[in-house]
Amino acid sequence: MKSKAAVYPYLVWMIIFIIVPTALVVVFAFTDKGGTFTLQNLQEVGQYSNIFLRSIWLGAVATVVSLVVGYPAAYIISRHSVSRQNTLIMLIMLPMWMNFLLRTYAWMTLLEDSGFINRALMACGFPSVHMINTQGAVVLGMVYNYIPYMILPVYSVLTKIDPSVIEAAEDLGADRRTVFLRVTLPLSMPGVISGVTMVFVPSVSTFIISKMLGGGSNLLIGDLIDMQFLGSAYNPNLGSAISLVLMVLILICMGIMNQFDENGAAEGGMMV
Amino acid sequence: MKAVSRIYMFLLFLFLYAPIFVLVIFSFNGSSTMSRSVWSGFSLRWYACLFQDQMLLVSLRNTLIIAVVASAVSTVLGTAAAIGINGLNKWARRVVMNVTNFPMMNPDIVTGVSLMLLFVAAAKFMGNLALGMVSLIFAHITFCLPYVILSIMPKLRQMDPNLAEAAEDLGCTPRQAFFHVVLPEIMPGVVTGLIMAFTLSIDDFVVSYFTSGTTQTLPIFIYSMTRKRVSPEINALSALLFGTILLLLIIINIRTSRESKRSETLQKEA
């Protein structure tokens, strides 16, 4: 089948709407307001390194929590009958259909000092706990919003695993633990990799979750960029420089992740 | 083991749904400005407030138009692209997949900012046009495309590459081979991609925030509401949205189960 030509419209699209805009970010990052070349913007980014570190740390914690909670869920769902699987996946996706601003707002009303959880705690005679405007609240918001992006790709890969491969492992004397660790888990790695990517990237770069659940003291990279483009500190050149650094950081992280994926695929290939 | 997994799923769904149910319950709260979590009697006043809001209806219409157009275009373009990518040699495929992965790895906010720079430049070039529906639709198709392709690619990779060739050897035209062999095989991926694109488009705030100009979409409207300290209208809006989605999914579920039953009985009769 001569199918290569099908890719051309897509390529044209991506050049106009991905490559050209990205080039614009680079140009803005290296120029001043008048359009002359400068490194000033990138030097200024250095002042915000603590915000960068905080964003990466909170994003990483949220990703690990999503994986630890999401993988078993995807595994359990994939063990059910097909119709049951569809219902469960529907239920996982349903909250995603509600806007993430609303979902985050819901947690605001739950976590507040005078919020639902604290009221319930006090009604039971416990002291109230300060939860809103903490880093924990920000991580919770990230996990709550992005965990479906972990469950769905892992589930999708798990259901495509040929059951006879698992049967073969069992026939060859592997117990359930060994089957999982040596067969199911390695075969599901592509799903895990895309899940990690899909949770980590939005978590690191969010600006709404930190604004709503983290208060003013837990500013993230996204908040900085927002302030430069649509906020009070209007400066698209500095904003582009911050965006450029964020982009490069993410791409390096993801490059490392992809390396893992390729290793996994190579091992899988050797197994076959 | 079964009990453990059942409890696990129960807790997960509790985590996912409890906040939404609290929102829904408090949408019927009579209290006006006190706290968001003090119950003071049943009332529908926030629903009444909501329906008098002209901005809401406009932003809802905008959101639906954008989501339908963007998910349809990105699914067609993305399916074609996935098949095209699959037919490329290893080197070219790697280049194209890097371009595809790029906006997915690239933070939304950077995509939004970069598209904003492009659209602002283009709008100036074409004579002081403003950003709005057109720029929003272009932006949404752009960020949906990689998700469509990435949900189809694994299905294509797991498909036997000889299937389409076999179909053509047996006399199918390439078009027939595509519609009768390839498409059914990758259909779960295509449907996942379409649903994902639609969800992402409706749900998108970040990219829209930077590319909308003064045009309001529902998420942007919601954002302006969350910035007010206390606005119980949000609860009413959440409840309505959740109810609508639930209703839609129940209808779809009943229909598909009916259809599968019908086809089963047909098969039995045959």
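Two residues are taken to be in contact if their C-beta atoms, placed from the backbone, lie within 7 Å. In the predicted model described here, 66 residues of chain A are in contact, in this sense, with 67 residues of chain B. On the side of chain A that touches chain B, the largest share comes from helix H1 of chain A, spanning residues 8-29, which supplies twelve residues. By residue class, that side of chain A is made up of 48 nonpolar, 13 polar and five charged residues.

The secondary structure of chain A comprises 13 helices and zero strands, so that, by the DSSP runs from which these elements are defined, the pattern read along the sequence is α-α-α-α-α-α-α-α-α-α-α-α-α. Chain A has 272 residues, of which 44% count as buried. Among the contacts in chain A with a separation of 6 or more, 70% are accounted for by residues 24 or more positions apart.

For chain B, the description turns to domains. The domain assignment divides chain B into domain 1, which consists of residues 1-43 together with residues 233-270, and domain 2, which covers residues 53-231.

How values were computed:
Residues numbered from 1 in each chain as written. Chains lettered and ligands numbered in written order. Predicted model: local features only at pLDDT ≥ 70, side-chain atom pairs only at ≥ 80, totals over all residues. Helix = DSSP H or I, 4+ residues; strand = E, 2+ residues; numbered from the N terminus. Buried ≥ 20, exposed ≤ 12 C-beta atoms within 10 Å, placed from the backbone. Domains from an automatic or database assignment. Nonpolar A, V, L, I, M, F, W, Y, C, P; charged D, E, K, R; others polar.
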